[in-house]
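Here is a short report for a reader meeting this structure for the first time. Please look over the sequence and the model before reading on.

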6 protein chains.
Amino acid sequence: MEERNIVYLTRKIDFCASHRYIIEELSQEENFRLFGKCSYRHGHGHNYSLEVTVKGVTDPKTGMVINLSELDRILRSKVVDVLDHKFINVDVPCFEKKIPTTENIAIFIWDSIVGTLHGCQLHRVRLFEDPYLFAEYYGE
Amino acid sequence: MEERNIVYLTRKIDFCASHRYIIEELSQEENFRLFGKCSYRHGHGHNYSLEVTVKGVTDPKTGMVINLSELDRILRSKVVDVLDHKFINVDVPCFEKKIPTTENIAIFIWDSIVGTLHGCQLHRVRLFEDPYLFAEYYGE
Amino acid sequence: MEERNIVYLTRKIDFCASHRYIIEELSQEENFRLFGKCSYRHGHGHNYSLEVTVKGVTDPKTGMVINLSELDRILRSKVVDVLDHKFINVDVPCFEKKIPTTENIAIFIWDSIVGTLHGCQLHRVRLFEDPYLFAEYYGE
Amino acid sequence: MEERNIVYLTRKIDFCASHRYIIEELSQEENFRLFGKCSYRHGHGHNYSLEVTVKGVTDPKTGMVINLSELDRILRSKVVDVLDHKFINVDVPCFEKKIPTTENIAIFIWDSIVGTLHGCQLHRVRLFEDPYLFAEYYGE
Amino acid sequence: MEERNIVYLTRKIDFCASHRYIIEELSQEENFRLFGKCSYRHGHGHNYSLEVTVKGVTDPKTGMVINLSELDRILRSKVVDVLDHKFINVDVPCFEKKIPTTENIAIFIWDSIVGTLHGCQLHRVRLFEDPYLFAEYYGE
Amino acid sequence: MEERNIVYLTRKIDFCASHRYIIEELSQEENFRLFGKCSYRHGHGHNYSLEVTVKGVTDPKTGMVINLSELDRILRSKVVDVLDHKFINVDVPCFEKKIPTTENIAIFIWDSIVGTLHGCQLHRVRLFEDPYLFAEYYGE
């Protein structure tokens, strides 16, 4: 019954955004000590790469875990439309108070898409801030 | 007894091939609705990247989980010779009826090599169709 | 007069397609001797990467050599719509008789877009068949 | 006299910054028509990659066109300290009125470093906004 | 209680080093049969890429699993200072007798940093010898 | 006469090697001041990437500037067999006295292959020591 095979399928998309790391209760010096250049007030930006992994049994007819056009539609409406070309601290309500670290944005993306999938499960969100730093979240 | 350490070793190889997604029972319009451009009859192609991960205890003398020349020999005969520069739907019997999605090719590669390894276990097959889509299969 | 600055702007896009190298007048053996695995009759494929470079003076108001949305529109209609997800030998009339080498496809792309640009010049077409092979054409 | 050889040496560095494309004289709609999502008021960001190419004769003793530690020092003080983790429109005076397109930032970097090199010439500044868009400037 | 979220954070760093694979008890021919070109006596080298993954709960105030400047400090003192620009067989005591395979270097790096982390756990060391070979170690 | 088109074709290959930068007449301190960590006596290594560009008219029958199998044969015998898995200062006679900088190795590769090409010209040798440093040589 090879049709019962469980496969993990990952889609990668890119978006760009800006952010800053500032805890308003702290002074500029304390913020710099904690966050370095990320604490500059006017923000800075990144080309983020996002890998979303879903887990499921392949459909015996189509050979697919999920139809990619469906997954792409979800990622466009839940991630790209919300985060792409935005200043995350200012344009995304969830981050008005919360620091938009790679960790926190990964969790935010998980929460945004976990309820939208049918016929397969969200397995992992992996977010690269740049090629040298990434966070992974499994909903734990 | 550090020699008892379990390490996961991954070899990446590239191959190129063409494929198409067509369910013969469906009309051209239905296939296009299901598979988009992948349903074009004459096929299209990709540079696939394959990562094969084996798991094992390092040999205390050689420091290796598997001799790479052995792993390379297996991947050449079981993967490259079978899939490289081929039209998968036509040239690979297993895909005469089955849709050669990334998911199904990953499973096919797992099945082709899982019985050939000695002294270590096949852990994962990860197949990239392009840098923005990959499937992983663990034999589950 | 910094507004007179000449800048070279390059847009990269990806497409995937399949092809084969066969000279019909030659035997299968002769074709294999000449083209190796590329001579397999059913074709094989690649993820092509295309870099199109235009040269021009930056607009003093917009700071642009060309509006990217205009360049993207041209590349979509002249390149993606024509080559993406196609079997080049069969689906693109120009290659019915001509071998679709990286060299020849680069020339074909140059010829397809050179007349469509306004306010800047086409400078170079660079086409990657894979990360290890690319051809560049300057219209010479 | 092989020591008279002319070599082009390129150093790549990365920095991240945010920017926006807005012509203040135009309405929000006109800006959006011209610049798309880049016209969002709060800005967005990128991981920029910069390749600076110098041209010169290799020193017969050291085999170098320029001592890399010298080139790195220049790039750090003239590029990284000025642009990294900044909101270019706000933090870099030159871009108070000028649109920080990839083209204009490349010219700005050329102008910032061209006078600092000794014993070799600045040949080219190549700036990637992301892997799919780059501008090159040769001081023409 | 979103602050209880467990995130895996990965930092990638590069270093370059040389090594050779020789078992002194074996003849040159036997070493070549076992290790191929890696057995050349004077050694050869690589640009290694190292990905260190830590696992932990994000700090509700900073949104971080670990402060990156702390992780970078550890990687610099425990990995870069020890391995970068070194001939591993000669310059690193641990490898005087042990073959510096990718597997063994990954284990060595795990052992070097596992005791230095506070507030989060070391989850995985992934070491690339080149883009086509990597070893992963989880301390098992 | 489209067959008269001039195309630049580039082949990329990888090899790994080790080297060190030491001028024997200088003290260890002076060498360190000049070359930094590259002056460590036992050497270190890199995964080099080499791009060799040839220029020529495409053959009207094959659509090729040069048959890739011929170019690959040349690169294997003149570059890979000579430099791959070697300690350049010790194993390559040309570098017994000469510092094996990226610049000098690029010139060495040019000189090794320039006389071997038939029907097309060597245009450029581009050598990456790592993704952040490369030298280009045009035989000037």
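## Strand pairing in chain C

Two strands count as paired if DSSP finds at least two bridges between them. This is a predicted model. With that cut-off in hand, start with chain C.

Strand 1 of chain C covers residues 6-19. It runs antiparallel to strand 2 of chain C, and 14 bridges join the two.

Is strand 2 of chain C mostly buried or exposed? Of its 14 residues, 44-57, 12 are buried, so the strand is largely enclosed by the rest of the structure.

## The fold of chain A

Chain A has 4 helices and 5 strands. Along the sequence they follow the pattern β-α-β-α-β-α-α-β-β. The C-alpha atoms fill a box of roughly 65 × 25 × 25 Å along the principal axes.

Chain A has 140 residues, and 61% of them count as buried. Now take the contacts in chain A between residues at least 6 apart in sequence. Of these, 69% join residues at least 24 apart.

## How chains A and D are related

Two copies of a chain are related by a rotation about an axis and a shift along it. What are the rotation and the shift for chain D and chain A? A rotation of 180 degrees, with 0.0 Å of shift along its axis, superposes chain D on chain A. The RMSD is 0.0 Å. That is the relation of a two-fold axis.

Which residue of chain D comes closest to the rotation axis? The residue is D:Gly45, with its C-alpha at 1.7 Å.

## The interface between D and A

In this interface, 21 residues of chain D are in contact with 21 residues of chain A. The copies meet through the same surface, because 100% of the interface residues of chain D are also interface residues in chain A.

The size of an interface is often given as the accessible area lost when the parts come together. Chain D and chain A bury about 1,700 Å² between them. Of that area, 54% is on carbon and sulfur atoms. Three residues, D:His42, D:Asn47 and D:His85, supply 35% of the area that chain D buries against chain A.

## Polar links and contributing elements

Chain D and chain A share 2 salt bridges. D:Asp84 forms a salt bridge with A:Lys37. Their closest N and O atoms are 2.8 Å apart. Polar contacts join 13 residue pairs between chain D and chain A, with both residues at pLDDT 80 or more.

Which elements give two or more residues to the side of chain D that touches chain A? They are strand 1 (6-19), strand 2 (44-57), strand 3 (86-87), helix 3 (88-91) and strand 4 (121-130) of chain D. Strand 2 of chain D gives the most, with 4 residues.

Some pairs of chains have no contact. Chain D and chain E are one such pair, and their closest C-alpha atoms lie 14 Å apart. Chain B and chain F do not touch either. Their nearest C-alpha atoms are 14 Å apart.

Technical notes: Residues are numbered from 1 along each chain as its sequence is written. Chains are lettered from A and ligands numbered from 1 in the order in which they are written. This is a predicted model: local features need pLDDT of at least 70, side-chain atom pairs count only at pLDDT 80 or more; totals for chains, interfaces and linings use all residues. Side-chain values use heavy atoms; hydrogens and water are left out. Copies are superposed by least squares on the C-alpha atoms of residues with pLDDT of at least 70 in both. Contact means heavy atoms within 4.5 Å. Buried means under 20% relative accessible area, exposed over 50%, partly exposed in between (1.4 Å probe, protein chains only). Buried area is the accessible area (1.4 Å probe) that two parts lose on being put together, summed over both. A salt bridge is a side-chain nitrogen of Lys or Arg within 4 Å of a carboxyl oxygen of Asp or Glu. A polar contact is a pair of N or O atoms within 3.5 Å; within protein, one must be able to donate a hydrogen and the other to accept it, and residues adjacent in sequence count only if both atoms are side-chain atoms.
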